Amino acid sequence: MSGPAPHDGLAVRELRRVFTSRKKPPRTALDGVSFDVAPGELVTLLGPNGAGKTTTARILVTLLEPTSGTATVAGADVRTEPRAVRRRCGFSFGGDTGLYPRLTALENLKFFGTMYGMAGRPLTARASHLLGEMGLGDRAGDKVETFSRGMRQRLHIARALLHDPPVLVLDEPSAGLDPAAGRQLRTLVRKLVDEGRAVLLTTHDLVEAEQLSDRVLVLRAGTVVAEASPARLRALAGDALGTRIQLELHEDVAAPETALAACPGLRGVRTEGGVWVVDVADGPAAATWILQTFGPQVVNLSVAPPSLEDAYLDLVGDPA
């Protein structure tokens, strides 16, 4: 890849960022990261703390310059056309920063709208429309300091959408939300993608990544170690990790561990709270063998292929 091909989404090629300090040795936060996000597509960056997710996001919204490499946002180069990038990209870094707590929700959006050259009735109409879309219409006149975290996160997204950009960069939008608020936010984000926007999401929430992502990029130490759909990542993990079977047997089964030792493709067997946990290479074949071997002595059997969490931990390592 010689350089990013301009399109209406994101195009990133060999992005590199090195942080330097007089007192510390140079630290490479990104090292040759490349990916694309097409219109109507959501791509998620996953990785442990320090992997380079937020650094990537900050470069794409022109808050940080790359050391080398190139990136375009809806055709505008982040290094040479930062103003054009900001017109074509909306971003949300969530949390308690980026909003004025003593202003109302409507006042916040009107203030930020002026930064995009918006004014007067069109700005008020756009801000009011977005508050309604975010489920905040009845709180437009309330100060942001009275908002819950979930409401603030939705207001952040409204701010990102003020100028109707074709590209969105959302950095951990659901961090700290309760399950109900997190589900509401995921529904909102999916709607934005379905409207044709290119969306880059960073998150530590693997449920969120699995439900929302068309593709996932796994970062480790500033490099991309995997790129695929969630389903494909699970399948690849299945090849590497195998399948886990949970098995309950009648109490009168004598020495089940001896019989299980002959299970085809066996990788490991142990008990957890009276349940046999059997790790195998081929789940369906092993399950068939278990049913044929133990027959009516089987009380319960479940086959669990690797989850996205299993795949992620296999790629980046389990900190535990």
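The following is a short exchange about a predicted model.

Tutor: Residues are numbered from 1 along each chain as its sequence is written, and side-chain values use heavy atoms, without hydrogens and water. In this predicted model, local features need pLDDT of at least 70 and side-chain atom pairs count only at pLDDT 80 or more, while totals for chains, interfaces and linings use all residues.

Student: Which residue forms a salt bridge with E41?

Tutor: A salt bridge is a side-chain nitrogen of Lys or Arg within 4 Å of a carboxyl oxygen of Asp or Glu. The closest N and O atoms of the E41 pair are 2.9 Å apart. E41 lies in the loop between β2 and β3 and its partner in strand β9, so the pair ties together parts that are 174 residues apart in sequence. E41 is buried at 15% relative accessible area, and the partner is R215.

Student: How far apart in sequence are the parts tied together by R190 and D214?

Tutor: R190 and D214 form a salt bridge, with 3.7 Å between the closest N and O atoms. R190 lies in helix α6 and D214 in the loop between α7 and β9, so the parts tied together are apart in sequence by 24 residues.

Note on methods. Helix = DSSP H or I, 4+ residues; strand = E, 2+ residues; numbered from the N terminus. Buried < 20%, exposed > 50% of the residue type's maximum accessible area, 1.4 Å probe, protein only.
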